[in-house]
Amino acid sequence: MEKTKGYFRDTAKNIDVFANREFRAFWNKVLITEDGYAFGVPGETISSALGKNQLKGTLTKRGKFLVELLDTIDENHSINSIDISIMGKLNQPTPKRNTLLWKIGTFFYGLIALLNENFSIIAGFGLEPKTEATIKTAGIFIYFLFTYFNFKQTLSNLNPMP
């Protein structure tokens with residue numbers, strides 16, 4: 001009995017993969033917005049593509065309805081069906097230029113922080129303590145943004161060419 005169950009499950013998945021590829025133009029027009037993750041990637045199920053679009057926020061009303069319908073049958077079905085092996089390289093190597101810029105930025109940020117702590121550079125400007133704290137906080141925030149945008153990996157990398 002267990003072999004039969006696996007057989008029918010495999011058959012259902014194969015039909016799903018076939019339908020995702022064969023009817024991709026229909027799915028792309030009806031279920032997702034123009035900037036959505038495209039249906040039709042060979043070997044991927046409809047639910048996997050739906051899950052990626054759900055994460056990207058690119059489902060149409062019909063796409064959202066279908067996801068909700070699937071979720072009533074199997075909780076978080078589309079999200080749980082995402083096939084990571086087909087996602088492409090979400091964590092692509094960061095370009096060497098970005099890494100170099102980050103290292104230089106980190107060096108100068110660390111140098112400024114070290115000099116300020118030891119020689120009170122900001123205090124030398126005669127600023128109020130609250131203003132000094134704001135400048136330090138802004139420095140941390142700018143460093144965070146600098147790091148984020150240098151190493152940013154987004155779901156936009158998920159757009160395959162069907």
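**Exercise 1.** Which residue just after α3 takes a positive phi?

*Solution.* Start with the ground rules. This is a predicted model, where local features need pLDDT of at least 70, side-chain atom pairs count only at pLDDT 80 or more, and totals for chains, interfaces and linings use all residues. Residues are numbered from 1 along each chain as its sequence is written, and side-chain values use heavy atoms, with hydrogens and water left out. Helices here are DSSP runs (H or I, at least four residues), numbered from the N terminus. Helix α3 covers residues 46-56. Just after α3 comes Gly57, with a positive phi of about 75°.

**Exercise 2.** Decide how many residues of α3 are buried.

*Solution.* Take the cut-offs: buried is under 20% relative accessible area, exposed is over 50%, and partly exposed lies in between (1.4 Å probe, protein chains only). Eight of the eleven residues in α3 are buried, and the helix is mostly covered. Among them are Ile46, Leu50 and Lys52.

**Exercise 3.** Find the salt bridge and place its two ends.

*Solution.* The rule asks for a side-chain nitrogen of Lys or Arg within 4 Å of a carboxyl oxygen of Asp or Glu. One salt bridge passes. Glu44 and Lys52 form a salt bridge through their side chains, at 2.7 Å from N to O. Now check burial. Glu44 has 0% relative accessibility, so Glu44 is buried. Lys52 has a relative accessible area of 1%, so Lys52 is buried.

**Exercise 4.** Classify the aromatic pair of Phe26 and Trp27, then that of Phe107 and Phe108.

*Solution.* Rings of Phe, Tyr and Trp (its six-membered ring) pair if their centres lie within 6.5 Å; planes under 30 degrees apart are stacked, over 60 edge-to-face, and the rest tilted. The structure holds three aromatic pairs. For Phe26 and Trp27, the centres are 5.2 Å apart and the planes stand at 65°, so this pair is edge-to-face. Phe26 is partly exposed at 48%, whereas Trp27 is buried at 17%. Phe107 and Phe108 are also edge-to-face, with 5.3 Å between centres and 75° between planes. Phe107 is exposed at 52%, while Phe108 is partly exposed at 45%.

**Exercise 5.** Which element gives the most to the lining of the largest pocket?

*Solution.* Helix α6 gives the most, with five residues.

Terms used. Helices (H or I, at least four residues) and strands (E, at least two) are DSSP runs, numbered from the N terminus.
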